[in-house]
Each structure stands twice: as C-alpha cells, then as structure tokens.
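Trainee: Could you walk me through this structure, one question at a time? I'd like to learn how to read it.

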Amino acid sequence: MKVLYRYLLKDVLKSTVWAVAILTFLLVLGNMFTRVFDLLINNDVPFGFVAEFVTLLIPFSFKFTLPWGLLIAVLLKFGRMSADQELVALRANGVSLITFSTPVLLLALFFCLLSLLNNFYLAPYAYSRMKKIVYTLASESPTSLFNDDTVVEILPGKRLYVDNKEGDVLQNLYVWDLNEDDVALRSLRASRGKVTADETNNAIVITLYDARMEERNEENPDNLSLIQTGRHFEELPLHISLERLMEKSTKIRPNALDFGALINVVLTGRTKRSDYDFTPILTEIQSRVAGSLSCLTFVLAAIPLAVRFHRRETSAGIGLSFLVVFVYYSLMILAKTFENHAGAYPDVLIWVPNLLFQALGLLGIAKVGR
C-alpha cells in the first residue's frame, strides 16, 4: 500500500501545484486589468508599487485557487485511473476506494490548514495594505497619479483633468473643487501646473500657472447666473491635504481584520454594548473557516465525480471543476448576502454549501465503492 499511496500522493500533489500556480497567475492578472490597470500600467508608477500590489494580490487568489487547484488535480487523477480501469483492479485486489483515497484526504486536510492561515492572516493583511497603496503613492510619488488625457478622482474633494504630462509638468490642467454631493463649486483652468509633495503637512501641492477661476454659489450651485468669472492668477499654489485619503485607507472593515482582531471585536461588542450587532463579524469568521474547509469538501465531491465520469481528458476534468466551483461559490455568495440580516442566520447559512457537497460526496463515494 505504501507504493500505491506514494504513487497517488505524488501525482495529485504535482498536479495541484501546477493548477494552483496557473489559476493564481490568471486571477492576479485578471485583477490587475480589471481593478487598477489605469493606475498601475498607464501611469508612471514606480516599479516597487507595481511589484508590491501584484504580491498582495496572491493571498487573495489563494482563497480560491488552493481548493480549486486541489479539485482539478483529484478530478484529473481519479478520472484517468477510472478510465484506465486501475480502480477496478484495486477493488479486485481488496482495496476499497475510501482506503485508497486516504492520502488525498489527508492532503486535503493539510490544504485546509494552509487555507485557514491564509484566510485569517495573510489575506486580511494584504487587503489592509492594498488600501494604503494609493495613499502612499500620492504622498511619495504624486506625479504618478497623472497621465496624458486622464481624469483623476482619488484625491479627496477634487477632480482633475490633465491634457498632457511632461515629466512633473502638467499641461492644460483643469481642477474642480467638489462639495459633499460631488458638485463642482469652483473650477480652475491653467495652461500648466507642477506637482510636488509636502511631506511635512501630509499634502501635495499643485502650483498652477496662468490660471483662471470660476466660482459657483455655495447655497445655490445649480444657478448658472450666479457664477463668478474673470479671476486670473499668474501663479496659484493649491495645497491638497491627504488626511481624508489616509482616513479612507485606514478605515477598518471586517475583511481587513485577522482572527484575533475579529474575536476581539465580538468580545468588545458583547461587553460594552448590549445592542451591538456582531452578525457580520460572526459571518465573516464562519465564512473564512468554511472557505478553508472547501479543500476537503472539493476532494470529497471530486472523487465520485471523477470515477463516475471516468474521463482521462484534461479538458473534461477542468470543465467539471468549473461546474463544481461555480455552484459552490454561488451558494456561498448567496449566504453572505444575508450577513446584515441576523434573523436569516447567515453565520449558519454559510455552512450549507460545505454540508451539502460533503454529504453528496460521501454518498457518491459509498455508491461507486460498491
């Protein structure tokens, strides 16, 4: 049996590593293009920021790729063994399917532990650090926020448009001061401007040259007849504070808290406030644990699926994995939509996908084992 176990474990582990690596690469690449392509690629962002951002995306991807990669590996291995009648030969020699699958189940438990550590510590750290990247970029390299023919809206209370950038000089620059409703109360147009960092005051300074200003009435900004025009400045420095941007980057959310911080929030809420609703926190804790156990859940579901379909083609295994992952995470997302409704017991609903898939997997293993 040791030879069989070594043979099975070696193939499954090798396929898992390859599957996780490929899936992680694709998810990281997809996140870069969909979320921050304009900021990281089109702008002159220092390489260090790009490298850090890509690195921080990896723990996010591991939340999905660790169980998904293991699922693909098990589907491929057991599918090929079933198609080649190797499992029939094992059963003919008195080796049951569940006995033969023991190393894979133990491997799944090991991946559950890795996923648990990632979900409770690495991923929250990556999330909180990613939120601070824009603030760090604005404070250390403010010119990187601007590019040719772009609108910049990440600076608090401001909207800027740059027609052309040459080094740290901005050509044909527009600046709008916004109120809380994002209505422009003041607009400035300058033939050129220069951006510098003011680290002492935690701000950036945009010095406008040959600037003209228009102002709207604060009480009635929609009344165009009250607009004041004609003010001209040869040189006008604009000090843009980064305090609000820093507050936004450090705002605490449940998915940015590690395990100890989550437990502390629950204990603090119970002791200090009798009306504290900690259902979202409990749901977050349960979802991380349930997501980690998906490694075992996927293995239990994959073994009977692979045996029953007995296909050795790689495309068939990958296609089955897409189906399993889609159904599983759809149920998880559906359960999380109730996280702000304590009466729906979202912290219990979050376990339904695992319990359902594990029950079906165990029934499938028992059936195909006979």
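**Helices, bridges and rings**

Trainee: How far apart are the end C-alpha atoms of helix H10, and what span should its 23 residues have?
Mentor: Helix H10 covers residues 314-336, and at 1.5 Å a residue its 23 residues should span 33 Å. The expected span is 1.5 Å times one less than the number of residues, and helices here are DSSP runs (H or I, at least four residues), numbered from the N terminus. The end C-alpha atoms agree with that, being apart by 33 Å.

Trainee: What kind of model is this, and how are residues numbered?
Mentor: It's a predicted model, where local features need pLDDT of at least 70 and side-chain atom pairs count only at pLDDT 80 or more, while totals for chains, interfaces and linings use all residues. Side-chain values use heavy atoms, leaving out hydrogens and water, and residues are numbered along each chain as its sequence is written, from 1.

Trainee: Which residues of H10 are buried?
Mentor: Buried means under 20% relative accessible area, exposed means over 50%, and partly exposed is in between (1.4 Å probe, protein chains only). In H10, the buried ones are Gly 317, Leu 320, Ser 321, Val 324, Val 325, Tyr 328, Tyr 329, Met 332 and Ala 335.

Trainee: Which residues are linked with Glu 284 in a network of salt bridges?
Mentor: Glu 284 also bridges to Arg 288, with the closest N and O atoms 2.9 Å apart. Those two are four residues apart in helix H9 (residues 279-309), so about one helical turn separates them. Arg 288 is buried at 6% relative accessible area, and Glu 284 is buried too, at 8%. The network links Glu 284 with Arg 288 and Lys 336.

Trainee: How many residues apart in sequence are the parts tied together by Asp 11 and Lys 77?
Mentor: Their side chains meet in a salt bridge, 2.6 Å from N to O. Asp 11 is partly exposed at 21%, whereas Lys 77 is buried at 10%. Asp 11 lies in helix H1 (residues 2-35) and Lys 77 in helix H3, so the parts they tie together are apart by 66 residues.

Trainee: Is the aromatic pair of Phe 60 and Tyr 127 stacked or edge-to-face?
Mentor: Rings of Phe, Tyr and Trp (its six-membered ring) pair if their centres lie within 6.5 Å; planes under 30 degrees apart are stacked, over 60 edge-to-face, and the rest tilted. Phe 60 is in helix H3 (residues 47-83) and Tyr 127 in helix H6, 67 residues apart. Phe 60 is buried at 19%, and so is Tyr 127 at 15%. Their centres are 6.1 Å apart with 70° between the planes, making the pair edge-to-face.

Trainee: And how far from centre to centre are Tyr 174 and Trp 176?
Mentor: Tyr 174 is partly exposed at 26%, and Trp 176 is partly exposed at 25%. The pair is stacked, with 10° between the planes, and the centre-to-centre distance is 5.8 Å.

Terms used. A salt bridge is a side-chain nitrogen of Lys or Arg within 4 Å of a carboxyl oxygen of Asp or Glu.
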